[in-house]
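The sequence and structure come first, and the notes follow by topic.

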Amino acid sequence: MNSRLIALLSVLVIATISVVATIAPGVFSFLKFIPWGDKLGHFVLFGALTLAIAFAIPGARSFLYGAVLTAVLVVIEETLQILAPTRSFSMLDLGASLSGVLIFTIAGQVYRGKNGK
């Protein structure tokens, strides 16, 4: 599948998850039964989004651009939660999301380096 299509689908999935969490927060209530489930979700979702965007961008700096773009989206998404009555801004969520961006960026660069891509 085309890497740009994967990146677009990833953005749409994250946006859908964010909208569902705002409209029907109970959908994700199962996460409270998983230790650090919410934070793990933030970490993995935004880390995976970083990889999808980075692999969709051509060039040597694709991971830098992917990380910066995703980090900006993370800050916007978390900050907008201040306006939603069913959501709340959380520095821990922001930290988990940005940690995912950082760790997945590093992992992606290592992968690319080992595979010569």
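Helix α3 supplies the largest share of the nonpolar surface patch, 6 residues. The model is predicted.

**Nonpolar surface patch**

- The patch covers about 1,000 Å² and is made by Leu64, Tyr65, Val68, Val72, Ile76, Leu80, Ile82, Leu83, Phe89 and Met91.
- Among these residues, Met91 has its place in helix α4.
- Methionine 91 has a relative accessible area of 60% and is therefore exposed, the cut-off for that class being over 50%.

**Nonpolar core**

- The largest nonpolar core consists of 11 residues: Ala7, Ile14, Phe46, Leu49, Ala52, Ile53, Ala56, Ala67, Val74, Leu94 and Val101.
- One of the core residues is Leu49; apart from neighbours within four places in sequence, leucine 49 is in contact with Ala7, Ser10, Val11, Ile14, Thr70 and Leu73.

**Salt bridges around lysine 39**

- Lysine 39 pairs with aspartate 38 in a salt bridge, with 3.0 Å between the closest N and O atoms.
- Aspartate 38 has a relative accessible area of 31%, so this residue is classed as partly exposed.
- Lysine 39 also forms a salt bridge with the side chain of aspartate 93, at 2.6 Å from N to O.
- This second pair links distant parts of the chain, since lysine 39 is in helix α2 and aspartate 93 is in helix α4, 54 residues apart.
- Aspartate 93 counts as buried because its relative accessibility is 8%, where the class requires under 20%.

**Salt bridge between glutamate 77 and arginine 87**

- In the salt bridge of glutamate 77 with arginine 87, the closest N and O atoms are 3.6 Å apart.
- Glutamate 77 is in helix α3 and arginine 87 is in the loop between α3 and α4, so the pair ties together parts 10 residues apart in sequence.
- Both glutamate 77 and arginine 87 are buried.

**Network**

Notes: Residues are numbered from 1 along each chain as its sequence is written. This is a predicted model: local features need pLDDT of at least 70, side-chain atom pairs count only at pLDDT 80 or more; totals for chains, interfaces and linings use all residues. Side-chain values use heavy atoms; hydrogens and water are left out. A nonpolar core is a set of buried Ala, Val, Leu, Ile, Met, Phe, Trp, Tyr and Cys residues joined through side-chain atoms within 4.5 Å. Buried means under 20% relative accessible area, exposed over 50%, partly exposed in between (1.4 Å probe, protein chains only). Contact means heavy atoms within 4.5 Å. Patches are made of residues with over 30% relative accessible area and no salt bridge: like charges are joined within 9 Å, nonpolar side chains (Val, Leu, Ile, Met, Phe, Trp, Tyr) within 5 Å. Accessible areas come from the Shrake-Rupley method with a 1.4 Å probe; for residues, only the protein chains shown count as cover. A salt bridge is a side-chain nitrogen of Lys or Arg within 4 Å of a carboxyl oxygen of Asp or Glu. Helices (H or I, at least four residues) and strands (E, at least two) are DSSP runs, numbered from the N terminus.
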